[in-house]
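Student: Please take one part of this model and look closely at how its charged side chains pair.

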Amino acid sequence: MPLTYSREETLLGTAGALLPLRGFFADCREVLVVNGDTLCRWPLARLLRRHRRLRPAATLLVTTRAEPRNYGGGLGIDRRRRLLRFGAGEEDPRVTRRRVFAGAHVVASELLARLPAGASDFVRDLYRPLLEAGETLTTVTTRRAWHDLGTPQRYLEGALEWARWTHPLAGYRGRGSRVAAGARLRRVAVEGEVVVAPGCRLERCLLLPGARIGAGCRLRRVVVGPGAEVPPGTQVEARLLTRAWAGGSQPAGSSHLGELVVSPLEPTRAL
């Protein structure tokens, strides 16, 4: 597949990222945008069909698999599946249900001209102004498994569920990985070139490419980063283990285990 990409020296936001690609979209009637930090078996054909049939300003995919309260109140939708509100706030009597945006949407290409120069956001700079102007935004609902991958914990949950879909019996094992005969793995996704030594007991873990797990380790609900080497006998639960990088930032609540940075799976929230 040929790829066209735009390098951003300064991050341009969810909508501003499309501005350098206006020429690429010049001959398109609509633009399909899919977030890179969500995981779903996308019903993109159904999303496009509804948009092309109704011709609204935009059509957003929403999911029933997430709790709106965990996502700022979600989206307020009426009986005709039209989008009325973003987030919580003053109630609208026309809203009959709340859903969470699933990370895929179709927007009429001519609307890109309304975006301001520089960084911009789809909701703040395009969708909310469209609603205030009386334009129609509609939705398509999916009940398929869906994951927001925005934290290590959510990334772990998504990766393990995806591995269960694709390899329900033996579990996922990437090319070149080696798991010792004496190791016991339960609900573990093993990426390529990973080595697991004898005597390990791993449960609900994700081992990213090139990770090395020393003999006798006990890991539960752990993400091991690319190329990370876990010392023999390590016992860790609910953590992200990554290699320390010179000058790299570390999440709040992190500690060190030899050459590894040990971080919480969920970020620490300020009170």
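Tutor: Arg-220 is partly exposed at 33% relative accessibility, a class that lies between buried (under 20% relative accessible area) and exposed (over 50%), computed with a 1.4 Å probe on protein chains only. The side chain of Arg-220 meets that of Glu-203 in a salt bridge, 3.6 Å from N to O, the term standing for a side-chain nitrogen of Lys or Arg within 4 Å of a carboxyl oxygen of Asp or Glu. This pair links distant parts of the chain, with Arg-220 in strand 14 (residues 218-224) and Glu-203 in strand 12, 17 residues apart; strands here are DSSP runs of E with at least two residues, and helices are runs of H or I with at least four, both numbered from the N terminus.

The model is predicted, and local features need pLDDT of at least 70, side-chain atom pairs count only at pLDDT 80 or more, and totals for chains, interfaces and linings use all residues. Residues are numbered from 1 along each chain as its sequence is written, and side-chain values use heavy atoms, with hydrogens and water left out.

Glu-203 is partly exposed, with a relative accessible area of 23%, whereas Arg-186, at 53%, is exposed.
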